Amino acid sequence: MRELDFQKIGAKIRERRLAQGYTQDYLANHLDVDTSHISNIEHGRCKVSLTALVGIANALDCSVDLFLVSEYRNEELPVDTELIKKLQNCNLEKKKQISRIIDVL
């Protein structure tokens, strides 16, 4: 079994954090760790623990799959899961609109 690419995982965490408009300090406070630990995770200088990864996902309102997608052999599975999760929060009319958009694509 190959080792996980913690630099890629950290980069995805950083990308999501920035997209959400959060600072490393916000994430550190949410996880009750030092800001330097968040920096080390984001730059792949340390291996993020499963507990921290779940905490980060919760703080950034996403699933851990978002950070791990490149580690799967079939990268479509977590994306499918994320889409299904998002669709569950939509009413019928929005689901129909999304379906039409997908048909166009």
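## Overall make-up

Of the 105 residues in the chain, 30% are buried. The model is a predicted one. Its secondary structure consists of seven helices and zero strands, so the order of elements from the N terminus reads α-α-α-α-α-α-α.

The C-alpha trace spans about 45 × 35 × 20 Å along its principal axes. Among contacts between residues at least 6 apart in sequence, 54% join residues that are at least 24 apart.

## Helices H2 and H3

Helix H2 covers residues 24-31. The axes of H2 and H3 come within 8 Å of each other and cross at roughly 110 degrees. That angle makes H2 roughly perpendicular to H3, because angles of 65 to 115 degrees are placed in this class.

Which residues in H2 and H3 meet? On the H2 side they are Gln 24, Asp 25, Leu 27, Ala 28 and Leu 31. On the H3 side they are Thr 35, Ile 38, Ser 39 and Glu 42. Sorted by class, the contact of H2 with H3 has four nonpolar, three polar and two charged residues.

## Glu 42 and Gln 24

Two residues of this contact can be followed further. Glu 42 is in helix H3, and Gln 24 is in helix H2. They are 18 residues apart in sequence, while their C-alpha atoms are 9.4 Å apart in space. Are these residues buried or exposed? Glu 42 has a relative accessibility of 3% and so counts as buried. Gln 24 has a relative accessible area of 18%, and it is buried because the limit for this class is under 20%.

Leaving out residues up to four places away in sequence, Glu 42 touches Gln 7, Gly 10, Ala 11, Ile 13, Arg 14, Arg 17, Gln 24 and Leu 27. With neighbours within four places again set aside, Gln 24 is in contact with Arg 17, Thr 35, Ile 38, Ser 39 and Glu 42.

## Salt bridges

Side chains of opposite charge can pair when their charged atoms come close. How many salt bridges does a search of the whole structure find? The search finds three.

One of them joins the side chains of Lys 47 and Glu 3, with 3.0 Å from N to O. Lys 47 lies in the loop between helix H3 (35-42) and helix H4 (50-59), and Glu 3 lies in the segment before helix H1 (6-20), so this pair ties together parts that are 44 residues apart in sequence. Lys 47 and Glu 3 are both exposed.

Another salt bridge is formed by the side chains of Glu 42 and Arg 17, at 2.6 Å from N to O. This pair links distant parts of the chain, since Glu 42 is in helix H3 and Arg 17 is in helix H1, 25 residues apart. Glu 42 and Arg 17 are both buried. The side chains of Glu 93 and Arg 100 also meet in a salt bridge, at 3.8 Å from N to O. This distance qualifies because the cut-off is within 4 Å. Glu 93 is partly exposed, with a relative accessible area of 44%, and Arg 100 is partly exposed at 46% relative accessibility.

## Helix H4 and its surroundings

Which residues in H4 are buried? They are Ala 52, Leu 53, Gly 55, Ile 56, Ala 57 and Ala 59. The buried residues of H4 pack against H1, H2, H3 and helix H5 (65-68).

Just after H4 comes Asp 61, which takes a positive phi of about 55 degrees.

## An aromatic pair

The count of aromatic pairs comes to one. Tyr 22 and Tyr 26 form this pair, with 4.0 Å from centre to centre and 15 degrees between the planes. The pair is stacked, because planes under 30 degrees apart count as such.

Tyr 22 counts as partly exposed at 28% relative accessibility. Tyr 26 counts as partly exposed at 30%.

Key: Residues numbered from 1 in each chain as written. Predicted model: local features only at pLDDT ≥ 70, side-chain atom pairs only at ≥ 80, totals over all residues. Heavy atoms only, no water. Helix = DSSP H or I, 4+ residues; strand = E, 2+ residues; numbered from the N terminus. Buried < 20%, exposed > 50% of the residue type's maximum accessible area, 1.4 Å probe, protein only. Axes fitted to C-alpha atoms, helices over the stretch in contact; angles between N-to-C directions. Parallel < 35°, antiparallel > 145°, perpendicular 65-115°, else oblique. Contact = heavy atoms within 4.5 Å. Nonpolar A, V, L, I, M, F, W, Y, C, P; charged D, E, K, R; others polar. Phe/Tyr/Trp six-rings, centres within 6.5 Å; stacked < 30°, edge-to-face > 60°.
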